[in-house]
Amino acid sequence: MTFVMDMIKGIFIGVANIIPGVSGGTMAVSLGIYDKLIGAVSNLLSNWKKSLLTLLPIILGCGIGIVGFTYAIEYLLSKHTFVTCMAFVGLILGGVPVLVGTLRRELRHRRRSIGFGGIAAFLALFALAAFLPMLSSGEEVLKTFSPTPGTLISLFLVGVVASATMVVPGVSGSLVMMILGYYYGIIETIKNFLDALKVLDMPGVLHGVLLLTPFGIGVLLGIFLIAKLITFLFKRYAVHTYCAILGLIAASPFAIFYNTGLFAQLGNLTPLAVILGVGAAVAGAVITFLMGERSH
C-alpha cells in the first residue's frame, strides 16, 4: 500500500514540476514525502539499495505525471486557467498544517522560539518566490532544438539548474526554465519524442533521445547536489529552514496566478468558474492534508 501511495504522490509531484509557477518541492512537502525523498537521494551512494526502493515508486509516479500531463497542460491552462490554478493552490496550501506541526515539534525539541532568524528567513524566501515570476519576460528564447554540441551542453546545464530548483520548496523549476527560455522547447521535445515513440518513428525517437539524455543527466545531477545541501540545512538549521520553506509556500499562490496571467482574467470570471475553482481548491487541500497526515 505504501508503494501505491508513494507512486500517487509522485504523480502529483511530476505534474507540479511541469506547471510554471508550481513547485514540485512544495508539493512534496505538502504531501508529507519531502524528507523521505531528500533523505533517499542524499544517501544514494552510501545506502543505494534502500534509497532505490524508496525512490522507485516516486520516480515512477513522477514519470507518469510528467508524460500524462505534458499533453494536457497547455489545454488546461489556456481553457480552464482559474480552475486549474486553484486546484494546485489547494494542493500546495493543504500541506501547511502538517508542515506547521512539524515546525512546532522541532521548536519543542530544541526548546527555542522562532526568533528573528526564523522570521527573517520566512520574509526573505517569501520575497524571493514572489519576485522570481516577475523575471520572466513571457517570451521563449528557443521553441525547438537542434542536436548541436552547444545545444547539448546548454540542455545539460539547464537540467542541472532546473532540477536543483525543482527540489527547493516554493521555487518552480519550470518557471526557471521559462525564464531561461527553454521551457516550451523542452515540452515540445518531450511531446515529439512521445509521438515518435507511439508510431515507432525511429529517427524521431533517436532525435528525442539525443536531446533529452543530456537534459536528464543534468536533472539527476542537480537533484543529487541540492539534496546534499538540503540535508545539511535540516541538520544544522532546521527551524530556519522550515520557516524559509513556509515563506516559499506562502508566496506560491501569487507566483502561480502571476505566471499564468490569471490576475488579468479575474474580473471576467463567471460565477460557475468561481464555484468550480473554489471547489477545486478545497478538494486539493483536503487531498494533500489527508496524504500528509497519513505520512506522519
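The model is predicted: local features need pLDDT of at least 70, side-chain atom pairs count only at pLDDT 80 or more, and totals for chains, interfaces and linings use all residues. Residues are numbered from 1 along each chain as its sequence is written, and side-chain values use heavy atoms, leaving out hydrogens and water.

**Exercise 1.** Work out how helices α11 and α12 pack.

*Step 1.* Find the helices (DSSP runs of H or I, at least four residues): α11 covers residues 202–236 and α12 covers 238–259.

*Step 2.* Take the angle, which is about 120°, with the axes 5 Å apart. Axes are lines fitted to C-alpha atoms over the stretch in contact, and angles run from 0 to 180 degrees between N-to-C directions.

*Step 3.* Pick out the contact (heavy atoms within 4.5 Å): α11 brings Leu-233, Phe-234 and Arg-236, while α12 brings Ala-238, Thr-241, Tyr-242 and Ile-245.

**Exercise 2.** Describe the largest pocket and its lining.

*Step 1.* Get the volume: about 1000 Å³, meaning the space filled by probe spheres set on grid points joined across faces, edges and corners. A pocket is an open set on a 1 Å grid over the protein atoms alone, where a 1.4 Å probe fits, with protein on both sides within 12 Å along at least five of seven lines; lining residues have an atom within 4 Å of a point.

*Step 2.* Look at the lining: there are 35 residues, with Cys-62, Ile-66, Val-219, Leu-220 and Ile-223 nearest the centre.

*Step 3.* Find the top contributor: α4 gives the most, eight residues.

Methods: Helices (H or I, at least four residues) and strands (E, at least two) are DSSP runs, numbered from the N terminus.
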